[in-house]
Amino acid sequence: MHNFTVIPLRSGAKVLVSSAYTGRTTVVDVDMLLAGAKKSRGRLCRPHGGNAWSSYWHNGHIYANNIVRGLDVSLPSDSERGGALKLDQLNPQTQINTVG
């Protein structure tokens, strides 16, 4: 898994979006995963399409660079994106606005 962003949740939960080249975009609730949970409010290992070179969260949407189709834009359900902060800008390479 690589090229990920942390979803900036008001609760401080650690949820990230990542990609896996010819795999899928995955949304992972890291806190639940570390706690040993098999399911996680719909976020744990939820696929958003295959062939994702890179996948990033920004203001409620997931933007994925799809190897076959080009740009994929996903809108997760209200429960998955609830509590996320809106960002004026985002640099996914540095995570400047989502981590400390």
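1. Ground rules. This is a predicted model, with local features needing pLDDT of at least 70 and side-chain atom pairs counting only at pLDDT 80 or more, while totals for chains, interfaces and linings use all residues. Residues are numbered from 1 along each chain as its sequence is written, and side-chain values use heavy atoms, leaving out hydrogens and water.

2. Overall layout. The protein chain has 2 helices and 7 strands, in the order β-β-β-α-β-β-β-β-α from the N terminus. Helices here are DSSP runs of H or I with at least four residues, strands are E runs of at least two, and both are numbered from the N terminus.

3. Burial and surface. Of the 100 residues, 40% count as buried (under 20% relative accessible area; exposed is over 50%, partly exposed in between; 1.4 Å probe, protein chains only). The accessible surface comes to about 5,900 Å², and carbon and sulfur atoms own 55% of that (Shrake-Rupley method with a 1.4 Å probe; for residues, only the protein chains shown count as cover). As for contacts (heavy atoms within 4.5 Å), 43% of those between residues at least 6 apart in sequence join residues at least 24 apart.

4. Strand β2 (residues 14-19) runs antiparallel to β3, with 4 bridges between them; pairing takes at least two DSSP bridges. S18 has T26 of β3 as its bridge partner. The hairpin leaves 4 residues between the strands, and Y21 in the turn has a positive phi of about 45°. Strand β3 (residues 24-29) has 5 of its 6 residues buried, so it is largely enclosed by the rest of the structure.

5. The core. The largest nonpolar core has 9 residues: I7, L9, A13, V15, V17, V27, W57, I62 and A84. Such a core is a set of buried Ala, Val, Leu, Ile, Met, Phe, Trp, Tyr and Cys residues joined through side-chain atoms within 4.5 Å. Beyond neighbours within four places in sequence, V17 has contacts that include T5, I7, V27, W57 and I62.

6. T5. This residue sits in strand β1 (residues 2-8) and counts as buried because its relative accessibility is 0%. Its side chain reaches the backbone nitrogen of W57 at 2.9 Å.

7. T22. Look next at the loop between β2 and β3, where T22 lies. T22 is exposed, with a relative accessible area of 62%. Even so, T22 is in contact with N51 and I67, leaving aside neighbours within four places in sequence. T22 and N66 are 44 residues apart in sequence and 8.8 Å apart in space, C-alpha to C-alpha.

Key: Polar contact = N/O pair within 3.5 Å; in protein donor to acceptor, adjacent residues only side chain to side chain.
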